[in-house]
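The following exercises concern a single protein chain. Each task is followed by a solution in steps.

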Amino acid sequence: MKHFVLPTYYDSELISELKEIRTKNEKRTDYSPTKISIGKLNFFIPKYFGFCFGVKNAIEICYKTIQENPQKKIYLISEIIHNPNVNNDLKKKGVKFLQKSNGETIIPWNKVTKNDIVIIPAFGTTKENMSIIQKKGIETKSYDTTCPFVTKVWNRGNDLAKKDYTILIHGKPEHEETKATFSNFKHNTPRIIIKNIKEAKLLSKYILNPNEPDFKKTFKGRFSKKFNPKKDFQKIGVINQTTMLAEETQEISYFFEQIMKKKYGNTHIKNHIANTRDTLCYATNENQTSIKELINLNIDLAFITGGYNSSNTSQLVKICEKYFGTYFISSEKKLISENEIIHFDMKKKIEKIQKNYLPNKKVINFLISGGASCPDSVLERLLEKICKFYNQPINKKKIIKNFLLKY
Ligand code: SF4
């Protein structure tokens, strides 16, 4: 895989080193977790976590752009990736954000001039934003960090569109990537965004009976111009935001296949639903597969770090929550003390305070991990903080030496 040059403060002495040892010595398909034992504490870390290809690529381009253009104004359309540590560091270095993650304007486009640089985030951006940038005569090629795995989804969508399929996009409607995917069609292909299986079921009513009332009200803001449920559900194809939960994506695809069979029968089903695989990216698949390797271990508590608006991180939290106590935190700083933690409640979308959150046992098994936009250094500081709370000194060199003995 390509080597990226990133600021060294995103790396860590212990966790990055163990990750590298495993990458060099093991098969990519070995999903067993990494175990670090420090006194009475065991830390289990999934094989795959942290910066993915697209995130590294985006970060490398950002820092290179800052370094090479000290005299220029540098804008980012919105967050480069969903990690507050990285975004705040870019802000400190003078990068200005034009929009919030939800698309709200921070700096209006009329402040941006031909001589400025506009960086396109890893999620990509909408055709509308691209057209504004191009009309201003701003060069985009060198500053477009759109992940190739996102572009792949756009290509899949356009290929299906060429064959007259209506596109169902399984994604979070408020997420930058899903907005970009919805927008990046060459023509006005009929398309619609659905968030989850509940919405897939709602949509199926209109597929089975296009005369059902209130389509426009139910899916307001989610469908393309001139969408017509009476003629646009004869051929459908499903594509996904790259960071959805794999099981849910499969459930949705299977569900729509059954609905189309119900409507059109089995014989010509291939003419009515595209036979395609999901469009989740490799990092989403590997991160979810490797965290599932931990569900049968006796984990006492899990900490998952990442931006609260990070889709791939929230999927890891969802998996963990089913099996053990889990805290979703944006960084180690949320562990205020050994008695108090601030964590994110995904359902209520608010931060909450929890007292006495650390287990008190003879041996304690922690799961620690982060989403595809979480630097290794954050995870390492989290491990250090937990050890400090339990008065367990860490000898990193010894841990690495012992770890190497396995190979
Ligand atoms: S999570 Fe996947 S699609 Fe998103 S930036 Fe990483 S590799 Fe690309």
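**Exercise 1: A residue in a loop**

Ser373 is situated in the loop that lies between E14 and H12; helices (H or I, at least four residues) and strands (E, at least two) are DSSP runs, numbered from the N terminus. The model is predicted: local features need pLDDT of at least 70, side-chain atom pairs count only at pLDDT 80 or more, and totals for chains, interfaces and linings use all residues. Residues are numbered from 1 along each chain as its sequence is written, and side-chain values use heavy atoms, with hydrogens and water left out.

Task: Determine whether Ser373 is buried or exposed, and state which residues Ser373 touches.

Solution. 
Step 1. Buried means under 20% relative accessible area, exposed over 50%, and partly exposed in between (1.4 Å probe, protein chains only).
Step 2. Ser373 has a relative accessible area of 3%, and is therefore buried.
Step 3. Contact means heavy atoms within 4.5 Å. Not counting residues up to four places away in sequence, Ser373 touches Phe51, Val55, Ile81, His82, Asn83 and Ser310.

**Exercise 2: Helix H12**

Solution. 
Step 1. Just after H12, Asn391 takes a positive phi of about 55°.

**Exercise 3: Strand E2 and its partners**

Task: Identify which strands pair with E2, and state which residues lie on each of its faces.

Solution. 
Step 1. Two strands pair if DSSP finds at least two bridges between them.
Step 2. E1 and E2 run antiparallel and are joined by 5 bridges; Lys35 stands opposite Phe44 in E2. The two strands form a hairpin with 2 residues between them, and Gly39 in the turn has a positive phi of about 60°.
Step 3. E2 also pairs with E14, in the parallel sense, over 4 bridges. Here Phe44 stands opposite Leu367 in E14.
Step 4. In a regular strand the side chains alternate between the two faces of the sheet. In E2, Leu41, Phe43 and Ile45 lie on one side and Asn42 and Phe44 on the other, and all are buried.

**Exercise 4: The largest nonpolar core**

Task: State how many residues the largest nonpolar core has, and which element supplies its largest share.

Solution. 
Step 1. A nonpolar core is a set of buried Ala, Val, Leu, Ile, Met, Phe, Trp, Tyr and Cys residues joined through side-chain atoms within 4.5 Å.
Step 2. The largest nonpolar core has 31 residues; Ile36, Phe43, Phe303 and Ile386 are among those with the most contacts inside it.
Step 3. Elements that each supply at least two residues of this core include helix H1 (15-25), strand E1 (34-38), strand E2 (41-45) and strand E14 (364-370). The largest share, 6 residues, comes from H12.
Step 4. Leaving aside its neighbours within four places in sequence, Phe303 is in contact with residues including Leu335, Phe366, Leu382 and Ile386.
Step 5. A second, separate core has 24 residues, including Ala58, Ile59, Ile66 and Leu76.
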